[in-house]
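Hi,

Here is the structure I said I would pass on. Have a look at it first, and then read on for what turned up.

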Amino acid sequence: MKKLLAGLLLTGSCLTGFSQEKGKFEFGINAGYNLATVTSGTQTNSSYRSGIAIGAFGDYFIANDWSIKAKFTYDQKGWDGGYIENLDNGQRYASNYHLDYLSIPVMASWHFGRKRNWYLHGGPYLGVLLSAKETAFSTDLKEIMNSVDVGLDIGIGVKIPIGNKVKILFELDGQSGFTNAFIENQGINVKNSRTSFNTGLVFDL
């Protein structure tokens, strides 16, 4: 009975005793639910596109509470409640805009809490446009969209140990674009914005 109790205490210590160490590297995979829209000046489009985010990341600890994180994510952005205009007759049709990117943020992460399982991250991201369509006529829009999206990525999350070298991740992540989504848009800058609710697994390597 004493051996069993000691074993249980040791296991509990392993599961809750995760702490970050300088020089450690973590690899993770995640999937999430996106709410995406666009902003123009001080105005935000009121209709959000629901989408997904699927990705992988690496996290290298340069100190016990600081790390450098790089992510590669298939990111569904865009917006709903827009319109497309027939340039021949000026008629407008209601449409949704679906913009899909490969997002590559590189961020600094600060790890905090008693076991430093909580973190805040932030840094620039580069988005490479994979596809662009409007839904009214299924028109391919890649020719009129910028092929890259540059902006700021910030987020907060927590990693909960579920095994000796495995943690489950819960994260709230946001991106705000700096560049115009369109190549030309009559002098109005339309910038991507999205919030993602992610979960995933983190592995100590």
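This is a predicted model: local features need pLDDT of at least 70, side-chain atom pairs count only at pLDDT 80 or more; totals for chains, interfaces and linings use all residues.

Let me start with a question: is Phe112 buried, partly exposed or exposed? With a relative accessible area of 24%, Phe112 comes out as partly exposed, since buried would need a value under 20%. You'll find Phe112 in strand β5. Leaving out residues up to four places away in sequence, Phe112 touches Asn117, Trp118, Tyr119 and Leu120.

The protein chain has a mean pLDDT of 88, and 88% of its residues reach 70 or more. Helix α1 (residues 2-16) has the lowest mean pLDDT among the elements, at 42, while strand β8 (residues 148-161) has the highest, at 98.

As for the fold, the chain comes to one helix and 10 strands, and along the sequence the pattern runs α-β-β-β-β-β-β-β-β-β-β. Of the 205 residues, 38% are buried. If you take contacts between residues at least 6 apart in sequence, 65% of them join residues at least 24 apart.

Now the neighbour of Phe112. His111 is also placed in strand β5, but His111 is buried, with a relative accessible area of 2%. What does the side chain of His111 join up with? Its partner is Ser67, through a polar contact of 2.8 Å between the two side chains. Ser67 lies in strand β4 and is buried too, with a relative accessible area of 1%. Apart from neighbours within four places in sequence, Ser67 is in contact with Asp59, Tyr60, Phe61, Ile62, Met107, Ala108, Ser109 and His111.

On to the aromatics. The whole structure holds five aromatic pairs. In one of them, the ring centres of Trp79 and Tyr97 are 4.5 Å apart and the planes are at 5°, so this pair counts as stacked. Trp79 belongs to strand β4 (residues 66-85) and Tyr97 to strand β5 (residues 92-112), so the pair ties together parts that are 18 residues apart in sequence. Trp79 is buried at a relative accessible area of 7%, and Tyr97 is buried with a value of 7%.

Which residues make up the aromatic cluster around this pair? Trp79 and Tyr97 form one cluster with Phe182. Phe182 is in the loop between β9 (166-177) and β10 (191-204), and Phe182 is buried, with a relative accessible area of 10%. Not counting residues up to four places away in sequence, Phe182 touches Trp79, Tyr97, Ile144, Met145, Asn146 and Val190. Phe182 and Glu143, 39 residues apart in sequence, are 9.3 Å apart from C-alpha to C-alpha. With that sequence neighbourhood left out again, the contacts of Trp79 include Ala36, Val38, Arg49, Leu99 and Phe182.

As background, nonpolar side chains tend to be buried together in soluble globular proteins.

- Lys69 lies over the face of Phe57, 5.3 Å from the ring centre.
- Lys77 has its charged end over the ring of Tyr101, at 5.2 Å from the centre.

If you only have a few minutes, I'd look at two places: the stacked pair of Trp79 and Tyr97, and the 2.8 Å polar contact between the side chains of Ser67 and His111.

Cheers

How values were computed. Residues are numbered from 1 along each chain as its sequence is written. Side-chain values use heavy atoms; hydrogens and water are left out. Rings of Phe, Tyr and Trp (its six-membered ring) pair if their centres lie within 6.5 Å; planes under 30 degrees apart count as stacked, over 60 as edge-to-face and the rest as tilted. Helices (H or I, at least four residues) and strands (E, at least two) are DSSP runs, numbered from the N terminus. Buried means under 20% relative accessible area, exposed over 50%, partly exposed in between (1.4 Å probe, protein chains only). A charge sits over a ring if NZ of Lys or CZ of Arg is within 6 Å of the ring centre and within 35 degrees of the ring normal. Contact means heavy atoms within 4.5 Å. A polar contact is a pair of N or O atoms within 3.5 Å; within protein, one must be able to donate a hydrogen and the other to accept it, and residues adjacent in sequence count only if both atoms are side-chain atoms. pLDDT is the predictor's confidence in each residue, from 0 to 100.
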